[in-house]
Amino acid sequence: MTDAMTDGRTTRPAGDGRDGMLGPYGSRLLHGWYATGGPADLNEHLRRYGPPPFPRTADTAGRLVRAVEDAGLTGRGGAAFPTGRKLRTVAAGRGTAVVVANGMESEPASRKDETLLDLAPHLVLDGAVMAAAAVGADAVHLCLPRTRQDQARALRDAVEERQRLGLGPVPVLVHELPHHYVSSEETSLVRWLNGGDARPLATPPRPFEKGVGRRPTLIDNVETLAHLALIARYGPGWFRGAGRPDAAGTTLVTLSGALRTPGVYEVPMGRPLGEVLYAAGGPAEPLGSVLLGGFFGSWLPVEQALRVPFAKQDLASLGAGPGAGVIVALPARACGLAEAARVLGYLAEQSARQCGPCRLGLPAVAADFGDLAWGRPTPELMRRLEGRAGLLAGRGACRHPDGASRFAATALRVFADDVGHHLSLGPCAAAGHEPVLPVPDTSAPDEREWR
């Protein structure tokens, strides 16, 4: 195939970010906003990109899958799984496939998917329908949280406008799901779309085998699908023009904490994290640590964090990962133990309560962390906490306990000096200060709220 999946000519959008860091909001996924300062409606979208190059035959569908594979696109929702491999696996499944676009974004510290759907909705819709054509699906389900009713209404209007123009060979259905932390997990979406609760399912089978309606189901984050729409237009070579060979393209990140201009930014993959923070103006005050990946993520000491490239391979060597692009810069003045205790309390409340680690283990770890942060901790408390946290991972019905365990373990390691202070002198003054991390004030959902 050529470098672009259009009419055989190699094309490239203006401001494609080949040189240096990308500007505010980037110039690939959100180039329209960068150029005009406003969201892209359908007319603006078509003027900029032209009609979407939907695969019309088995040959063109295969070409799109190969293009995504050659581009090296990986999922932008957390796991960073190769997108081309997912497309090929679902396309080879038995029965007519289904596509689910995941825009739930239940991570409290993330705003990238909401921003993308606000500013470039038609890139997401293009990508979702292209993916459906590539895997032989007959429907697309776009899942959003019920807390974003205005956005859901706008997206339904966008879908109807596209239908009137005949854009897209398959229907797109917009759904509003319960907004709980585990409701964005892919099996939660499948369970809800099949008429059940928005809680994770035990696996196997995985959704790519038997998902919605027990059919092969492709579930991709909305940012991943928007990248796919651009790869279909401009080709894998263009996509690889940003990033590095083993971490291709750009990614949306939500930068917050002690930064001069927090917000959502588009950055090339593989850049040192210190450079990524400067997309948001750099630190507004001295930093003590950095949280990568959100509430399921990992803490890193600032000296280590600023040097590491923002790429799955490099972060994995430190026990971390890019996750859903959440990066929180924690100021040196903050109490990391108090920040971690608040998050663990939230994760305990938000569990699906379907297994022992979530019903018993996670609340116990959260309570111990609370005692460590604000109570009168003892060496016995520390031994109990470390033992309990170590028992969470790998034992749950889903990965909720795994993420909480990783978060807790890295907090104890990175904030070891704070642990020593709290053990010997009691809570530090910073433990009672205004929190930095955006932990929602919520209680455990009752059974009705999962529907």
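The model is a predicted one, and it contains 17 helices and 11 strands. The radius of gyration of the chain is 22 Å, close to the 22 Å that the globule rule gives for 451 residues, so the chain is as compact as a globular protein of that length.

**The chain as a whole**

- Taken along the principal axes, the box filled by the C-alpha atoms of the chain is roughly 70 × 45 × 35 Å.
- Of the 451 residues in the chain, 55% count as buried, where buried means that a residue has under 20% relative accessible area.

**Helix 3**

- Helix 3 covers residues 58-71, and at 1.5 Å a residue its 14 residues should span 20 Å, which agrees with the 20 Å that separates its end C-alpha atoms.
- The buried residues in helix 3 are T60, A61, L64, V65, A67, V68 and A71; seen down the helix axis, they fall within an arc of 155°, so they line one face of the helix.
- On the face of helix 3 that is turned away from its buried side, A58 and D59 are exposed.
- After helix 3 comes G72, and the phi angle of G72 is positive, near 75°.

**Strand 11**

- Strand 11 runs over residues 326-331, and six of its six residues are buried, so the strand is largely enclosed by the rest of the structure.
- Both faces of strand 11 are covered, with V326, V328 and L330 buried on one side and I327, A329 and P331 buried on the other.
- Strand 7 (residues 250-257) runs parallel to strand 11 and is joined to it by four bridges; S256 has V328 of strand 11 as its bridge partner.
- Strand 9 (residues 287-292) pairs with strand 11 in the antiparallel sense over five bridges, and L292 stands opposite I327 of strand 11.

Note on methods. Residues are numbered from 1 along each chain as its sequence is written. This is a predicted model: local features need pLDDT of at least 70, side-chain atom pairs count only at pLDDT 80 or more; totals for chains, interfaces and linings use all residues. Side-chain values use heavy atoms; hydrogens and water are left out. Helices (H or I, at least four residues) and strands (E, at least two) are DSSP runs, numbered from the N terminus. The expected span of a helix is 1.5 Å times one less than its number of residues. Buried means under 20% relative accessible area, exposed over 50%, partly exposed in between (1.4 Å probe, protein chains only). The arc is that of the directions from the helix axis to the C-beta atoms. Two strands pair if DSSP finds at least two bridges between them. The radius of gyration is taken over C-alpha atoms; the globule rule is 2.2 Å times the number of residues to the power 0.38.
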